[in-house]
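Have the sequence and the 3D view ready as you read.

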Amino acid sequence: MLSTSVTSAPRWVDRLSRLVLGDVVSASLWPILIITLLSTTVFSGVWGYVGVWAITAVQASPGDVGVMFLAYSVASGISGFGGGWLSDRVGRRSVMIVGWGVASVLIAVLPLARSSVWLALSLAVLAMVIGAPATSACATVISDLTDEGTREQAYAATRVMFNIGSVLGPPLAAIVLIARSWTLLFVAGSAVGLITVALVLMTLPRDHPGDRTAPEVAAAPRPERFVILRDRPFLLLLLSTLLGWFIYVAFSYVLPVVAVADYHTDPVAWGFIAAINPIIVVLFQMRTSRWTAGFSQSGKLFSASLLMGMPFLLLVVLPNAWGVVLLTLLFVVGEMLWAPVSQSLSVSMAPGSMRGSYMGAFRGVSQVAMGLAPFVVLRVYELGDDIAWVLLAVVSVLAAVGGWAAAAVAKRTGRVGQQT
């Protein structure tokens, strides 16, 4: 197991870490952090415009696009788990190369499918679904490169890169679209995706921890089949994670609709409000993880879930832009506590030879939430906005209790270290 100790890192790497991430990380983590940045930039940029492309260039209806997003979320949940499972058997590197490589080729092919609405939408879904296993494998590489004491901080660094990529992707795609060419956008996205694959080939050796050729993995006995389905503490953590992602997706995709349509927030003003979240994450994610390192994981999961969901009740008394801003500020604090801890705990609970499967399940529930949350919350919102916000507050309480219980049981049974 490689450590994230920073004693051997060159000084310029330490300076770059402090500049970009707000803290020092091991030089061994930088290749996978850059890979995370590039892959997120590509897929956030392309996927952010796929719906617009489908309506304007393919002549799909809004209903067709809704079905596309629902199909993507469900299928990616399944393929994300499958990719993690597969990475335990053939190696993280192989899954990342094939997944992102095929997805990049399919993205380049999209402009050729405009003659048929369903062919175009199916190819778009297929590209994202095939890329999902690579993302699961990429997340598992972080666990291979760290130990329990450094893992949470490493996942915090990954979240910074994810947020930078998510912020860069849509504007860069918009710049490419100045040429008014969808073909250029998809070809450019495909090219950067293939560059990401090349970086995987160059920076992740075949005997990378987690690859089948690694001695400690190859010699490890295979666990019983369906072990995750019998792992009650982990299933409880997965339920808590699903509920946490439910709140996260509601914040990301439902709140903008309500803020602009019902709270009379100017679309331009919303753009600045939405920027608060990723800016704070980039500036303070690793610092927050460092400042809270001495707190228990169960306590952090409990408080983080409440901070993500309970502030929606502010909109009951402040149904305006100011309420949305206050909600955003509180939500982002909870988000920064919740995401690295839940990822780190998922890995810590996994048997050594099943890290990919457990991380695949973790990613799978996030994809399910992407389709479930907008569907449920928007329909509840039709009954009354206050009812929707109360629903999210209740969901946060359930997530908090579930996360706390899962972490407490994991500690009591010795599956994680003393900081649980």
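## Helices side by side

Helix α2 (residues 30-56) packs against helix α3 (residues 62-90) at an angle of about 150°, and their axes are 9 Å apart. Keep in mind that this is a predicted model. The crossing of α2 past α3 is right-handed. To find where they touch, look in α2 for Trp47, Val50, Gly51, Ala54 and Ile55, which meet Pro62, Val65, Met68, Phe69 and Tyr72 in α3. Sorted by class, this contact has nine nonpolar residues, one polar residue and no charged ones.

Next comes a pair made of helix α4 (residues 92-109) and helix α7 (residues 182-203), packed at an angle of about 165° with axes 8 Å apart. Because angles over 145 degrees count as roughly antiparallel, α4 is roughly antiparallel to α7. Here the crossing is left-handed. On the α4 side, the contact includes Arg93, Met96, Ile97 and Trp100, while the α7 side includes Phe186, Ser190, Gly193 and Leu194. The contact of α4 with α7 has eleven nonpolar, five polar and one charged residues.

As α9 passes α15, the crossing is left-handed. Among the α9 residues in the contact are Pro233, Leu236, Leu237 and Phe246, and the α15 residues include Trp389, Leu392, Gly402 and Gly403. Which classes do the residues of this contact divide into? There are 16 nonpolar and five polar residues, and no charged ones.

| Pair | Angle | Axes apart |
|---|---|---|
| α2 and α3 | about 150° | 9 Å |
| α4 and α7 | about 165° | 8 Å |

Helix α6 (residues 148-176) has 29 residues, and from its first C-alpha to its last it reaches 42 Å, close to the 42 Å expected at 1.5 Å a residue. Where does the kink in α6 lie? Look at glycine 169, shortly before proline 170, for a kink of about 25°.

Technical notes
Residues are numbered from 1 along each chain as its sequence is written. This is a predicted model: local features need pLDDT of at least 70, side-chain atom pairs count only at pLDDT 80 or more; totals for chains, interfaces and linings use all residues. Side-chain values use heavy atoms; hydrogens and water are left out. Axes are lines fitted to C-alpha atoms, for helices over the stretch in contact, and angles run from 0 to 180 degrees between N-to-C directions. Helices (H or I, at least four residues) and strands (E, at least two) are DSSP runs, numbered from the N terminus. Angles under 35 degrees count as roughly parallel, over 145 as roughly antiparallel, 65 to 115 as roughly perpendicular and the rest as oblique. A crossing is left-handed if the near helix is turned anticlockwise from the far one by less than a right angle, and right-handed if clockwise. Contact means heavy atoms within 4.5 Å. Ala, Val, Leu, Ile, Met, Phe, Trp, Tyr, Cys and Pro count as nonpolar, Asp, Glu, Lys and Arg as charged, and the others, Gly among them, as polar. The expected span of a helix is 1.5 Å times one less than its number of residues. The bend at a residue is the angle between axes fitted to the seven residues ending there and the seven starting there.
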